[in-house]
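Hi,

Here is the structure I promised to pass on. Have a look at it first, and then read on for what turned up.

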Amino acid sequence: MRYAGGGGLTAKGRQRREAVRWEAAGLFAEGIRPPEVARRLRVSRKSACQWQRSWQEGGTEALASGGPLGKRCKLSPRCQEKLAQYLDQGPAAHGWTEDQVWTGTRVARLIGRKFHVSYSVSGATRLMRRLGFTPQVPVRRAAERDEQAIATWKEATWAEVKAPGRTAGAGSASRTRQGSPAGRRGDAPGAGEASPRS
């Protein structure tokens, strides 16, 4: 079993990991060496060796979970609740009237305006997801786009321009070998040139 450094573990996952380390501490106390501990607990030898060193230096308490790893959120829980309320109001309530889409860029700007905290686009996107929102990508369309002209073109012009499909007829399924020389008409190109091999 290989553990990631910070890993996005839940509290329950951290407790399970800690229980494995404490079990290893019990085995070390019985005099069992790290390779055997690794085999019994199905962990890497490296982990077992590191746990033994920690256990020798600080006892079982040295193997206790240190809590969640990773950077702490720049916004307090109260500010996160307030941000969720702002996101519920929609982009138009905060000045983005062209469409009703929350992008990572917009949320980062909103956080800067309302809380005076700098967030990267990826950080704002992660925060949105933690709050239960998903970022969206706005549809890119030309400002001069004329839907009526497009519909007219599709109905009138496209029908004329569209090339007709290949007609169904006798032929070969092979792209490289169109048909056998024996099946060619006598006046077809290359009809008399091929002679059977002997």
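Which residues in α5 meet which residues in α6? Please keep in mind that this is a predicted model. On the α5 side they are Gly104, Thr105, Val107, Ala108 and Ile111, and they meet Val121, Ala124, Thr125, Leu127 and Met128 in α6. By class, this contact has 7 nonpolar and 3 polar residues, with no charged ones.

As for geometry, the axes of α5 and α6 lie 8 Å apart, and the two helices pack at an angle of about 90 degrees. An angle from 65 to 115 degrees counts as roughly perpendicular, so that is how α5 stands to α6.

Now to α6 itself, which spans residues 121-130. Its buried residues are Gly123, Ala124, Thr125, Leu127 and Met128, and these pack against α4 (77-89) as well as α5 (104-115). Just after α6, Gly132 takes a positive phi of about 95 degrees.

The largest one has 18 residues, and Leu75, Leu83, Leu87, Ile111 and Tyr119 have the most contacts inside it. The elements giving it two or more residues are α4, α5 and α6, with the largest share, 5 residues, coming from α5. Apart from this core lies another, of 13 residues, including Val37, Leu41, Ala48 and Leu63.

Methods:
Residues numbered from 1 in each chain as written. Predicted model: local features only at pLDDT ≥ 70, side-chain atom pairs only at ≥ 80, totals over all residues. Heavy atoms only, no water. Buried < 20%, exposed > 50% of the residue type's maximum accessible area, 1.4 Å probe, protein only. Helix = DSSP H or I, 4+ residues; strand = E, 2+ residues; numbered from the N terminus. Contact = heavy atoms within 4.5 Å. Core = buried A, V, L, I, M, F, W, Y, C linked by side-chain atoms within 4.5 Å. Axes fitted to C-alpha atoms, helices over the stretch in contact; angles between N-to-C directions. Parallel < 35°, antiparallel > 145°, perpendicular 65-115°, else oblique. Nonpolar A, V, L, I, M, F, W, Y, C, P; charged D, E, K, R; others polar.
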